[in-house]
Amino acid sequence: MLSQGISPDCYVLPSVVKATAGLSSLKTGVQVHCLAFVNGHHSDSLLLSSLVHFYLKCDRLMEARKVFDRIPRPNVVACSALLSGYARKGCVEETKELRQGLNLNVVSWTSMIASCSQNGKDMEALELFREMQMEGLKPNSVTIPCLLPACGNIAALMHGKAVHCFSLKNWVSNDVYVGTALIDMYANCGRIQLSRRCFDSMPRRNLVSWNALLGGYAMHGKTKEALEVFNLMQKSGQEPDFISFTSVLSACSQGGLTEEGKFYFDSMSKDYGIEPRLEHYSCMVSLLGRAGRIVEAYTMVKQMPMEPDGCIWGPLLSSCRVHHNLAIGEIAARKLFELEPNNPGNYVLLSNIYASKSMWVEVNSVREMMKSKGLRKNPGCSWIEIKNKVHMLLAGDNLHPQMPEITKKLGELRVEMQKSGYLPHTDFVLQDVEEQDKEEMLCDHSEKLAVALGLLNTSRGFPLQVIKNLRICGDCHAVIKFISEFEDREIFVRDTNRFHHFKDGACSCGDLW
C-alpha cells in the first residue's frame, strides 16, 4: 500500500498497529506510530487506544501511559488495558491514581485481577477483589477463575473458601471453569480432599478438570490416587493429552514408582500416539534420579531426540546433589551455566555438591564465579496465613514484629527435641564453620520461623499451612515432623517440589523428598 503511494488513514492504522502488537515487534510499531503522527493523526482516539495496547504488549508501560494521556476521552477499553498493565507490574499507587473518577465495569476489574494473578502479584489481586466488592460490583463466572489462582499461589485458604462461598451463593459454582479453578486452588492450599469433592460435584467436566485433579494428586505425592483417576478418566471416554501424562509421570516420580513410570512413558507414544516432550523427559530424569539411577538418567538425556534444556539438566543436577554424584553433577552444572548463566540456583547446587565432599577450594571458586556475575543466592522465604492475613518470613530476617517470641518458641522446641533424642542435621549447613554456628544457622530457616509464628497465634490442634519458595531442607523436615507430634498439629508445607503433610510425627512423602 505504501509502495503505491497510498497514505494510510485513521481507519487503516489501528489495524496495522493491532497486527504489529500481535507480533510484539517494537521497532515496527514505533515506525507505524511515527508515520501516524507525521500524517497528522495526533488525537484520534481509536488509533491512540490501539497504540496503548501495542506498547503494553511490548512491555513498555511508560510509553503506553504517555500515549494514553493524549487520548481526548479515554474509553473503558483503553482504561482497562492500562490498568491491567499497571496491575501486572504491581504499580499499586499508579493504579489507584488512574482509577480516580473512572466508572469501571466488571470486565475492567476482572482484567486487572487476572493481570496480577498471572504475574505473581497475588496479594494485589486479592486487594483488587476487595476493592471491586466495595465499589458495589458483582464478580461473575470469569472473575472467580481469575482470582482463585492467586489464593492458591500463596495458600490463602480462608480467602479461597470465601470466594468458593461467593460462587455458591451466586450460582456460578457449577460453571466448568469455576469448578476447575476450585480444584486447583484447594490442591495448592494443601486440601486435596476438597479438590476431589469439588471434582465429584461438577455436573460437567472437561479435559482441564481431569488434568487439574491429576496434577493435584501428583503434587501431593498421592501416586495411587493419581493412577486411579487416570484410569477413571479413560473409562469415562476422556482421552488424555500430554499434560495428563506429565502429571502421571510426576506422580510416579514422587511415589518412587520407577518401573510404573517407565511403563507410562513408553505407553504414551505406543498406545496414545503422543510423542514425549521435554517435560516428559524431565519427569523421567527426575524419576530415575530419585531412585539413585543417575547414570541411567544421564544416558536418557544423551539419547533424547531433542536438545535438552534447563528443565532436563536441572533435575539431573538436583539428583546428583542428593546422591553425591560429583562427575555427572559437574557435567550437568556446566550445561546449565551455558543455558542459564544468570540462574543462581544452579551455582548453589554445584557448590553444595562440593561442600558435601568438603571440597572448600571448589566451593569458593563457584562463589567467586557467582560474585563476578553479580549473582546472589535466592533467600529462603515462607508464607503462612493466620486469621485471614498472609505473613511473609525471610530466612535470617528480624523484621517481623513477633520475632523475639518466634526465637523463644523455637528455642523451647529445640530443648524438647533434644530430650527426645533429636540432634540437628548440621550436614545440611554447607559452610565451613563450627558445629555450634551450624546449629544456630539452622534455626533461621524461613519454614521454621513460619511454623513457630503459626504455633504462637493459633490454638492447639489448629492445622498450619506454609508455602516455601525453595526446597525444604532435611533438618527442617525432621523438626516439623517432631512439632506435628509434640504440638498435636497437622502441618502442610508446600515447597518447590511437592506438598508435605506432617501429622503425628510422620510425613506423607515417606522421607522421599
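User: Why is the sulfur of cysteine 320 too far from the closest cysteine sulfur for a bond?

Analyst: This is a predicted model, and in it the closest cysteine sulfur to that of cysteine 320 belongs to cysteine 311, 17 Å away. A disulfide requires two cysteine sulfur atoms within 2.5 Å, so at 17 Å the sulfur of cysteine 320 is too far for a bond.

User: What about cysteine 146, and how many disulfides does a search of the whole structure find?

Analyst: The sulfur of cysteine 146 has its closest cysteine sulfur in cysteine 116, at 11 Å, which is too far for a bond. A search of the whole structure finds zero disulfides.

User: What makes cysteine 146 and cysteine 320 count as buried?

Analyst: Buried means under 20% relative accessible area. Cysteine 146 has 17%, so cysteine 146 is buried. Cysteine 320 has 0% relative accessibility and therefore counts as buried.

User: Why is the pair of phenylalanine 265 and tyrosine 281 called edge-to-face?

Analyst: Rings pair if their centres lie within 6.5 Å, and planes over 60 degrees apart count as edge-to-face. The ring centres of phenylalanine 265 and tyrosine 281 are 5.3 Å apart and the planes stand at 70°, so the pair is edge-to-face. The pair links distant parts of the chain, 16 residues apart: phenylalanine 265 is in helix H16 (residues 258-272) and tyrosine 281 in helix H17 (residues 278-290). Both residues are buried.

User: How many aromatic pairs does the count come to, and what form does the pair of phenylalanine 129 and phenylalanine 166 take?

Analyst: The count comes to eleven aromatic pairs. Phenylalanine 129 and phenylalanine 166 form an edge-to-face pair, with 6.5 Å from centre to centre and 85° between the planes. Phenylalanine 129 lies in helix H8 (residues 122-134) and phenylalanine 166 in helix H10 (residues 157-169), so this pair ties together parts that are 37 residues apart in sequence. Both phenylalanine 129 and phenylalanine 166 are buried.

User: Which residues form one aromatic cluster?

Analyst: Phe230, Phe245, Phe263, Tyr264 and Tyr272 form one aromatic cluster.

User: How do you know that arginine 277 lies over the face of phenylalanine 242?

Analyst: One part of the test is that CZ of Arg is within 6 Å of the ring centre. Arginine 277 is at 3.5 Å from the ring centre of phenylalanine 242 and lies over its face. Arginine 205 likewise lies over the face of phenylalanine 199, at 4.3 Å from the ring centre.

User: Which residues touch the most other members of the largest nonpolar core?

Analyst: The largest nonpolar core has 121 residues, and Phe68, Leu82, Ile113, Leu147 and Leu316 touch the most other members. Helix H11 (residues 176-188) gives the largest share of this core, eight residues. A second, separate core has 30 residues, including Ala450, Val451, Leu464 and Ile483. In soluble globular proteins, nonpolar side chains tend to be buried together.

User: What is phenylalanine 68 in contact with, leaving aside its neighbours within four places in sequence?

Analyst: With those neighbours left aside, the contacts of phenylalanine 68 are Val52, Pro74, Ala78, Cys79, Leu82 and Leu98.

User: What makes valine 363 buried?

Analyst: Valine 363 has 0% relative accessibility, so valine 363 counts as buried. Valine 363 lies in helix H22 (residues 360-372). Beyond its neighbours within four places in sequence, valine 363 is in contact with Ser351, Tyr354 and Ala355.

Technical notes. Residues numbered from 1 in each chain as written. Predicted model: local features only at pLDDT ≥ 70, side-chain atom pairs only at ≥ 80, totals over all residues. Heavy atoms only, no water. Core = buried A, V, L, I, M, F, W, Y, C linked by side-chain atoms within 4.5 Å. Buried < 20%, exposed > 50% of the residue type's maximum accessible area, 1.4 Å probe, protein only. Helix = DSSP H or I, 4+ residues; strand = E, 2+ residues; numbered from the N terminus. Contact = heavy atoms within 4.5 Å. Phe/Tyr/Trp six-rings, centres within 6.5 Å; stacked < 30°, edge-to-face > 60°. Lys NZ or Arg CZ within 6 Å of the ring centre and 35° of its normal.
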